[in-house]
Amino acid sequence: MEKEKNFFEDLLDDTLFDDPEDENENVEDTELQEEEENQGEEKQDNGQEKRDDRSQKNRDAEEARKRREREKREREKVKEIEEESKRVQKLGEQLVEFKKKYPNVDLAELDEDKNFKRFIEGKLLGKKDFTQLYEEYLEVKAELSGKTTEEIKKNYERKAQSSSGSSIAKEITTPTDVYSEEEFKKLTEKIPYMHPSEVDKIWEKYEKTLNYYKNNKR
Amino acid sequence: MPNTLRAELVSLSNRMYKEWYNKTVLVQSCDNSWEGEFDLDKREVDIPIYHDLTVHQTTLKEHELKPATVEFVRASTKRVSIDKMRYSHWGETKISTLINKLSANDSIVREKMMNKWAQEAEKELGIWCAKLPNKQTIDLTDLLGGNGVLDETNVVHALDILKAHAISNKYTPEDFKLYVSEKFETVLRDSKILTGANLDANEAFRKGFVGYANGVDIRKIEIPEITTRNSNTKLVDAEWGIWKTRDGIQYVVPYKDTINYDISPEQVLLGGKGYQSVEFYDFFNLYPGRLQKVKIRYTENANPPAL
């Protein structure tokens with residue numbers, strides 16, 4: 001769990017990982033300084049204060065207010081730290097769940113995948129959990145590349161296996177559901193003349209073939 | 001590896017055709033069959049002929065089941081010349097950029113252009129129908145009597161007249177559909193005779209479907225050029241309706257592609273290649289009785305536009 005926690009932490013809200021104590025300490029220092037200055041001024045005006053009970057009361061009230069504010073800030077600081085640790089904990093749990101579902105996927109590889117990180121940025125710990133985000137990413141990538149999600153997934157699994165030193169041979173996928181180069185070329189020339197109803201019959205396979213050759217060319 | 005850029009242009013053209021075609025009502029209502037392959041040089045194509053379908057009669061006693069020469073349904077075709085063409089220049093000289101821009105699912109340029117193509121196709125066909133000769137006209141302004149105004153009190157009678165015209169021409173009224181503006185729909189609603197009794201599951205989702213009234217399938221078209229509108233309210237005062245069967249118009253698009261052409265250095269710095277989506281198309285009315293224009297008036301003294 002501790003290991004998984006380290007991945008994707010950089011995508012959590014940056015402000016939550018900044019040490020909030022530093023900021024609060026600065027605020028406190030300023031306030032203490034102000035208080036000291038106030039106290040110095042108090043000594044000078046002692047004679048007057050004794051004569052003026054009302055101003056004394058005002059100062060007491062001011063100090064009480066500042067104390068309350070300080071306490072409130074401290075409570076908020078504790079709450080933030082708790083929330084932050086909860087988020088890290090939640091992410092860790094989601095990554096553990098993910099590893100259970102996809103044991104072959106290497107999280108370190110995924111953590112280095114810039115596209116994936118761009119995809120999940122802002123979505124992490126949102127409505128969808130990490131596994132759902134990963135699955136959605138596979139779908140989007142499949143759509144864009146014209147491959148199936150299974151093919152994309154296999155790529156990730158192969159990466160994971162090779163990075164962990166596995167000796168499992170890479171799968172070679174031979175597309176059986178696309179036109180041969182010759183057929184594809186002939187169809188490309190013929191389609192502008194074909195009746196729409198005839199085109200409809202071959203369209204799905206033609207588009208699939210087009211995506212296949214397009215992706216393999218690049 | 002095959003040339004995928006060429007294939008992508010072909011794919012784009014087909015996609016565009018489907019998109020604009022599905023946005024139409026009147027064009028979609030036409031028969032779009034053709035046979036064989038379009039001859040790009042001669043611009044000729046064969047379209048089917050339906051009027052020579054025959055039913056032979058015999059008696060079981062005679063047992064003459066083949067009294068006529070052998071013939072098959074839709075056996076004959078007519079060779080027609082394709083005369084019309086629509087095209088759009090695309091403002092890109094780099095093919096990969098053009099494809100990426102226009103092929104995107106959410107391409108605004110493509111969407112707008114296809115709306116335009118659909119509107120132009122509807123408009124052209126609508127005007128062509130409105131220009132049909134007098135012998136193909138059903139003048140409701142005259143036939144309804146009085147001031148000739150069609151309203152909720154006589155709309156059933158008007159539909160009866162249309163059906164009677166089909167019957168008198170020896171056609172089945174159920175084969176006909178009436179294409180009219182939104183004003184006709186208003187009249188039908190006011191008359192409360194609009195029914196969905198004959199609906200099949202998908203009917204209500206078809207573009208332009210209004211409903212069935214007095215056994216007539218009514219479809220709404222949006223072609224401003226064949227309507228006369230009130231100058232203030234813009235509501236329809238009069239219009240040309242279209243009363244037709246599917247084969248009343250044969251509308252074919254036998255060629256569609258995206259092709260390149262040379263741009264001279266005078267037009268674009270250093271010159272280059274321009275791209276344009278092209279479609280050859282044409283429409284025909286081989287059976288005058290199956291296509292008629294209907295003169296309709298909703299306001300006294302109003303007349304549809306003279307085209």
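**Chain B at a glance**

In helix α6 of chain B (residues 182–191), the buried residues include Lys183(B), Phe184(B), Val187(B) and Leu188(B). These four span an arc of only 145° around the axis, so they end up on the same side of α6(B). Bear in mind that this is a predicted model.

**Overall make-up**
- Chain B has 6 helices along with 14 strands.
- Of its 307 residues, 33% are buried.
- Take the contacts in chain B between residues at least 6 apart in sequence: 75% of them join residues at least 24 apart.

**Just past α6**
- Lys192(B) follows α6(B), and its phi is positive, near 60°.

**A three-stranded sheet**
- Chain B has an open sheet of 3 strands, ordered β1-β2-β3, and the pairing is antiparallel.
- The edges belong to β1 (35–39) and β3 (77–81) of chain B; each has a single partner strand, so one side of each goes without a neighbour in the sheet.
- Going from one strand to the next, the twist averages 30°.
- Strand β2 of chain B (residues 44–48) pairs with β3(B) over 5 bridges, in the antiparallel sense.

**The α1/α2 helix pair**
- The axes of α1(B) and α2(B), the latter being residues 95–103, come within 11 Å and cross at roughly 35°.
- That crossing of α1(B) and α2(B) is left-handed.
- On the α1(B) side, the contact is made by Leu5(B), Glu8(B) and Leu12(B), which meet Ile95(B), Ile99(B), Leu102(B) and Ser103(B) of α2(B).
- Sorted by type, the residues of this α1(B)–α2(B) contact come out as 5 nonpolar, 1 polar and 1 charged.

**Where chain B touches chain A**
- Here 18 residues of chain B are in contact with 16 residues of chain A.
- On the chain B side, α1 (4–22), β1 and β12 (250–263) each supply at least two residues.
- α1(B) gives the most to this side, with 9 residues.
- By type, the chain B residues that touch chain A divide into 9 nonpolar, 5 charged and 4 polar.

Definitions and conventions
Residues are numbered from 1 along each chain as its sequence is written. Chains are lettered from A and ligands numbered from 1 in the order in which they are written. This is a predicted model: local features need pLDDT of at least 70, side-chain atom pairs count only at pLDDT 80 or more; totals for chains, interfaces and linings use all residues. Two strands pair if DSSP finds at least two bridges between them. Axes are lines fitted to C-alpha atoms, for helices over the stretch in contact, and angles run from 0 to 180 degrees between N-to-C directions. Two residues are in contact if their C-beta atoms, placed from the backbone, lie within 7 Å. Ala, Val, Leu, Ile, Met, Phe, Trp, Tyr, Cys and Pro count as nonpolar, Asp, Glu, Lys and Arg as charged, and the others, Gly among them, as polar. A residue is buried if 20 or more other C-beta atoms lie within 10 Å of its own, exposed if 12 or fewer, and partly exposed in between; C-beta atoms are placed from the backbone. The arc is that of the directions from the helix axis to the C-beta atoms. A crossing is left-handed if the near helix is turned anticlockwise from the far one by less than a right angle, and right-handed if clockwise.
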